[in-house]
Amino acid sequence: GSGKTSLIRLISGRFSTAFSTGTIRCIPSDSCGFLPARNYFPPQSSLADHLAYPKPKGDFSMADMAKALREMGLSDLVPGLSNGKVFDPKKTLSDGEQRRLSLARVWLHQP
């Protein structure tokens, strides 16, 4: 409730500063990893979209995305990477698996 997550999002460049005032010197977002307290999964997205977020999935190879999933113990999800179907982690995965999917996202981005 004190704004810690919002501050980290601003610093990491993952939160719009369009409507704020003041000066925040942001480091390049590609050099900073951030894992929020609550897992975030964009609505109506494929597994590859979830993994690549906030970048487009085309920025990563399928091999790298598969490796990220395997590194986090989510090997059973690898076949679903290329099917393009909407994947809802909140309905499909346990809380722990959702967390590992978020960690795989950070691992993939290699901050």
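**A short walk through the helices and loops**

Hi everyone, let's start with Gln 44, which sits in the loop between helix H1 (4–11) and H2; helices here are DSSP runs of H or I with at least four residues, numbered from the N terminus. This is a predicted model, where local features need pLDDT of at least 70 and side-chain atom pairs count only at 80 or more, while totals for chains, interfaces and linings use all residues. Residues are numbered from 1 along each chain as its sequence is written, and side-chain values use heavy atoms, leaving out hydrogens and water.

Back to Gln 44: its phi is near 50°, a positive value in a residue other than glycine. Most residues other than glycine have a negative phi. Gln 44 counts as exposed because its relative accessibility is 68%, where exposed means over 50% and buried under 20%, with a 1.4 Å probe and protein chains only.

Moving along, Pro 54 lies in the loop between H2 and H3, and a cis peptide bond with omega of about 10° joins Tyr 53 to Pro 54.

Now, which residues of helix H3 are buried? In H3 (residues 62–71), they are Met 65, Ala 66, Ala 68 and Leu 69. Seen down the axis of H3, these fall within an arc of 155°, so they line one face of the helix; the arc is taken from the directions from the helix axis to the C-beta atoms. They pack against helix H2 (47–52) and H5.

Finally, Ser 102 is in H5 (residues 95–109) and is buried, at 2% relative accessibility. Beyond neighbours within four places in sequence, Ser 102 contacts Leu 35, Asn 39 and Phe 41, contact meaning heavy atoms within 4.5 Å.

Methods
Helices (H or I, at least four residues) and strands (E, at least two) are DSSP runs, numbered from the N terminus.
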